[in-house]
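Please have the sequence and the 3D view at hand.

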Amino acid sequence: MYQETYRAVETALKDATGAADVLLGDGGEHADLASTIAFALAKTEKKSPVVIAGEITAAITDTLAAAGITVSTTGPYINFIFGPAYVAGVVKVAGEPGYGRLAAVPGRVCIEHTSANPNGPLHVGHIRNSVIGDTLSRVFRKAGYDIDVQYYLNDMGRQIAIVSWGFDYLDIPQNEGEKDDHYVARVYVAANRALTADPAIKEEIDRRMGLIEQGDTEIVEKFRRAVSLCAEGIKVTLNRLNTPHDRFVWESGFVQDGSMVEILDRVEALPESSHDDILAVDLTAFGFEKEYVLRRSDGTSVYAARDLAYHVWKGEHFDRLINVLGADHKLIGAQLQATMELLGEKVPEIVFFEFVSLPEGSMSTRAGKFISADELIDEVTKKAFEEVTTRRPELPEEERRAIAASVAIGAVRYDIVRVSQEKSTVFDWRQALDFERQSAPYIQYSHARACSILAKAGEFTPAYEFTTASEIALAKHIGLFPVVLQTVVEELRPHHLAIYARDLADLFNTFYHTDPVLKAEAGVRDARLTLVRAAQNTLSEVLETLGIDAIRSM
């Protein structure tokens with residue numbers, strides 16, 4: 001509805017002015033849309049913008065009135081207000097299953113996210129990557145795209161060589177009930193301590209690094225066994241966070257199939273390549289002082305070489321490539337983009353994010369100083385259960401625990417995604433679980449409240465006449481959902497959807513408090529119940545797109 005109405009206004013303005021860009025945007029508090037085209041035309045027409053705005057308004061008023069749109073001016077600004085037909089139309093479509101889904105878009109999109117080193121569990125520093133990447137994936141699917149979500153497994157890195165050494169030489173049994181990735185982390189931490197105490201171990205680590213690239217069967221198996229063990233534990237955590245992947249891609253595959261060597265051969269042929277002991281690419285033309293190193297002086301490749309091969313492979317299979325990376329990868333990510341451009345390959349778009357931390361401070365897997373995502377989820381779930389029990393003590397314990405689990409994951413995901421990615425943030429479970437604050441539980445509770453109203457109402461006849469300010473404001477905000485999805489796709493900024501969800505819950509609660517629903521007179525009651533159903537359905541669709549459970553009872 002919104003897109004069609006926007007286009008109607010845009011077309012009328014273009015017909016009246018002949019301008020290619022009619023400078024149409026949000027109308028703020030006083031209108032649904034507004035145009036500043038009068039300013040742009042003032043110089044060429046040599047008239048006051050106020051006069052021009054009045055002339056344009058006179059020319060398009062009748063045309064748009066037929067579409068139920070009111071046109072007015074405030075000085076040089078041309079304002080557009082959508083009428084009752086628009087509001088009714090929004091409420092009708094918003095009550096339908098799958099509301100917000102956009103038309104299918106041709107082509108395939110690959111989104112790579114998380115891709116943490118498989119040498120221990122995901123920690124709090126990793127999960128912002130997971131939540132941003134998964135939310136983007138959900139939005140793209142909702143917006144009609146064919147998506148493949150990937151996790152790139154670094155199974156050839158030095159960390160894995162250290163882990164494999166630890167499994168061979170340190171007698172560290174797995175504790176009963178210990179999660180696989182947590183076990184791998186214990187081995188990794190102990191191996192690093194041993195390496196610090198005895199630098200001679202470095203020779204064995206270096207030997208393993210050489211053998212893995214040569215495809216030595218025994219070393220390949222040792223590395224793969226350690227990585228597989230850790231990856232299985234990581235998958236459990238990703239599932240708890242509602243962040244599934246379509247496939248896990250193994251870094252070593254691009255060495256074994258020869259594609260990395262092919263890419264390095266192509267890189268060597270570039271005029272920007274240097275061959276002094278190492279293979280590196282001179283990217284000064286792109287503004288980088290530091291060379292992009294791909295092969296060491298001993299002939300072994302570095303992570304970047306396999307990453308190039310991986311991205312060339314993605315470019316062959318997908319039409320759009322999107323990576324989600326932490327701010328500490330800005331340099332290597334930009335170097336990858338520049339080198340892909342030099343090779344004439346598809347250049348990935350990269351979403352860089354600043355880090356999320358806890359009040360306790362920074363974390364390091366190598367030093368064994370980290371709070372795992374599992375521990376965070378367990379703690380938030382415990383606090384959520386206490387809150388749910390305080391609010392709903394009459395519910396059976398099993399139901400309270402199920403609600404708490406949904407609330408906890410929602411709290412973690414929402415608190416992470418609500419902040420724009422270029423800003424760092426500190427996760428505070430007290431704020432994230434505040435049912436009164438604009439948080440995930442607040443939005444989930446708004447959905448549950450709408451479900452409760454509809455359950456109490458029973459059958460009703462849909463009606464679409466809305467007159468109060470709260471009704472109209474809520475309906476018009478509901479109509480913006482598809483627009484927000486498109487904005488996130490274009491800007492790759494999922495916090496827009498989180499803000500939209502919060503505002504939707506706010507407007508629904510304002511409507512609920514100001515306009516009686518169940519006690520309203522018959523005709524009004526039906527219309528308001530119809531609006532509640534549209535709000536409930538939209539909240540459900542928005543929460544699902546955010547990867548948060550739309551709970552029906554809280």
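Which element gives the largest share of the lining of the second largest pocket? That element is α20, with 5 residues. Keep in mind throughout that this is a predicted model.

## The second largest pocket

The second largest pocket holds about 650 Å³ of space. It is lined by 26 residues, and those closest to its centre are Tyr2, Asp26, Asp32, His477 and Leu480. Two or more lining residues come from each of α1 (2-17), β1 (24-26), β4 (77-82), α18 (469-478), α19 (481-491) and α20 (495-514).

By class, the lining of the second largest pocket consists of 15 nonpolar, 6 polar and 5 charged residues.

## The largest pocket

Now turn to the largest pocket, where the space comes to about 1,300 Å³. Its lining has 50 residues, and Ser115, Asn117, Gln159, Asp328 and His329 are the closest to the centre.

Several helices and strands each contribute at least two residues to the lining of the largest pocket. The helices are α5 (124-142), α6 (158-169), α12 (303-317) and α13 (330-342), and the strands are β10 (292-295), β11 (320-326) and β12 (349-353). In this lining, 20 residues are nonpolar, 20 are polar and 10 are charged.

How many cavities of 30 Å³ or more does a search of the whole structure find? The search finds 1, and the volume of the largest cavity is about 30 Å³.

Around the largest cavity you will find Met156, Met209, Ile212, Glu213, Arg296, Thr300, Ser301 and Arg306. Helix α8 (residues 201-214) provides the largest share of this lining, with 3 residues. The classes here are 3 nonpolar, 2 polar and 3 charged residues.

Strands of a sheet pair through backbone hydrogen bonds, in either a parallel or an antiparallel way. Here, 4 strands make an open sheet with antiparallel pairing, in the order β1-β2-β4-β3. Because β1 and β3 (69-74) are at the edges and have a single partner strand each, one side of each lacks a neighbour in the sheet. On average, neighbouring strands of this sheet are turned by 30° against each other, ignoring direction.

For a closer look, follow the antiparallel pairing of β3 and β4, which runs over 6 bridges. Which residue in β4 does Val71 stand opposite? The residue facing Val71 is Phe80.

Definitions and conventions. Residues are numbered from 1 along each chain as its sequence is written. This is a predicted model: local features need pLDDT of at least 70, side-chain atom pairs count only at pLDDT 80 or more; totals for chains, interfaces and linings use all residues. Side-chain values use heavy atoms; hydrogens and water are left out. On a 1 Å grid over the protein atoms alone, a cavity is a set of points where a 1.4 Å probe fits but cannot get out, and a pocket is an open set with protein on both sides within 12 Å along at least five of seven lines; lining residues have an atom within 4 Å of a point. Grid points are joined across faces, edges and corners, and a volume is the space filled by probe spheres set on the points. Ala, Val, Leu, Ile, Met, Phe, Trp, Tyr, Cys and Pro count as nonpolar, Asp, Glu, Lys and Arg as charged, and the others, Gly among them, as polar. Two strands pair if DSSP finds at least two bridges between them. Axes are lines fitted to C-alpha atoms, for helices over the stretch in contact, and angles run from 0 to 180 degrees between N-to-C directions.
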